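Please brief me on this protein chain.

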Amino acid sequence: MTSSIKSSKVIVIGAGISGIKAAKTLHDNGIETLILEGRDRIGGRLNTITPENSLNQYDIGACWFHATTNNELFDLCISKGNIDYYFDDNSVKIIGEEGEITTNISPIIDEIRLFTKLPRDKDTNLKQIVKEYLDKNGKFLTPEQLRDSPRLFRVNDIMNGTSWEKASGKLGGGGYGEKKSC
């Protein structure tokens with residue numbers, strides 16, 4: 001680096017992951033850096049909350065890694081054991097506490113999506129709609145399909161930004177594998 005660049009001072013706007021990474025890279029290269037953040041916390045979309053009177057924590061915002069084959073942050077989190085499960089949309093592989101979902105359940109997910117669009121007297125949550133579908137059609141499914149369909153349908157939690165207990169059943173048509181036309 002030239003001496004004029006090293007004597008530069010840089011202001012980074014935003015203390016999200018990109019702002020922090022940019023400031024660290026600049027600092028590591030000897031450039032004086034100041035980060036300005038408008039919120040009372042750092043992290044940007046990376047935010048974990050614990051609701052009042054709850055034992056659970058929820059990640060709000062950044063919920064998945066992109067480009068996992070070439071993502072240093074993903075590799076770091078895996079090496080530290082900070083990932084309980086992950087969804088790799090490049091290979092369409094879902095891994096959870098019970099291991100990889102290998103059952104062919106795409107047709108069942110498609111049926112559940114159609115089931116969410118049926119007229120109802122009142123709105124209900126996605127979890128309840130999946131339960132209704134499985135209660136009605138479970139006798140036609142294998143034990144693996146019964147076990148894995150709800151697990152895979154929970155990918156809607158990521159797409160909807162909330163748990164399936166809180167998300168409207170009307171949101172069940174999106175998520176895993178759906179193709180939309182413009």
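The briefing starts with the overall layout and then turns to single residues.

This is a predicted model, in which local features need pLDDT of at least 70, side-chain atom pairs count only at pLDDT 80 or more, and totals for chains, interfaces and linings use all residues. Residues are numbered from 1 along each chain as its sequence is written, and side-chain values use heavy atoms, with hydrogens and water left out.

**Overall layout**

- The protein chain has seven helices and seven strands. Helices (H or I, at least four residues) and strands (E, at least two) are DSSP runs, numbered from the N terminus.
- Read from the N terminus, the elements follow the order α-β-α-β-β-β-α-β-β-β-α-α-α-α.
- Of the 182 residues in the protein chain, 30% are buried. Buried means under 20% relative accessible area, exposed means over 50%, and partly exposed lies in between (1.4 Å probe, protein chains only).
- Take the contacts in the protein chain with a separation of 6 or more: 46% of them join residues 24 or more positions apart. Contact means heavy atoms within 4.5 Å.

**Strands 1 and 2**

- Strand 1 (residues 9-13) pairs with strand 2 (residues 32-36) in the parallel sense, over five bridges. Two strands pair if DSSP finds at least two bridges between them.
- Ile13 has Leu36, in strand 2, as its bridge partner.
- Glu32 is found in strand 2. Its C-alpha atom is 4.9 Å from that of Lys9, although Glu32 and Lys9 are 23 residues apart along the chain.
- Leaving aside neighbours within four places in sequence, Glu32 is in contact with Ser8, Lys9 and Val10.
- In a regular strand, side chains alternate between the two faces of the sheet.

**The aromatic pair**

- The structure holds one aromatic pair. The ring centres of Phe115 and Tyr133 are 5.6 Å apart and the planes are at 70 degrees, so the pair is edge-to-face.
- Rings of Phe, Tyr and Trp (its six-membered ring) pair if their centres lie within 6.5 Å; planes under 30 degrees apart count as stacked, over 60 as edge-to-face and the rest as tilted.
- Phe115 lies in helix 4 (residues 106-116) and Tyr133 in helix 5 (residues 126-137), so the pair ties together parts that are 18 residues apart in sequence.
- Phe115 is buried, at 12% relative accessible area. Tyr133 is buried too, at 2%.
- Arg120 lies over the face of Phe115, 5.1 Å from the ring centre. A charge sits over a ring if NZ of Lys or CZ of Arg is within 6 Å of the ring centre and within 35 degrees of the ring normal.

**Salt bridges**

- A search of the whole structure finds six salt bridges. A salt bridge is a side-chain nitrogen of Lys or Arg within 4 Å of a carboxyl oxygen of Asp or Glu.
- Side chains of opposite charge can pair when their charged atoms come close.
- One of the six links Arg120 and Glu132, at 3.8 Å from N to O. Arg120 lies in the loop between helix 4 and helix 5 and Glu132 in helix 5, so the pair ties together parts that are 12 residues apart in sequence.
- Arg120 is partly exposed, at 29% relative accessibility. Glu132 is partly exposed, at 29%.
- Asp110 bridges to Arg113, with the closest N and O atoms 3.2 Å apart. These two are three residues apart in helix 4, about one helical turn.
- Asp110 is partly exposed, at 41%, whereas Arg113 is buried, at 8%.
- Arg147 bridges to Asp148, with the closest N and O atoms 2.8 Å apart. Arg147 is partly exposed, at 45%, whereas Asp148 is buried, at 0%.

**Two loop residues**

- Asn53 is found in the loop between strand 3 (46-49) and strand 4 (58-61). Its phi is near 65 degrees, a positive value in a residue other than glycine. Asn53 is exposed, at 80% relative accessible area.
- Thr124 lies in the loop between helix 4 and helix 5. Thr124 is buried, at 19%.
- Not counting residues up to four places away in sequence, Thr124 touches Ile129, Ala167, Ser168 and Gly169.
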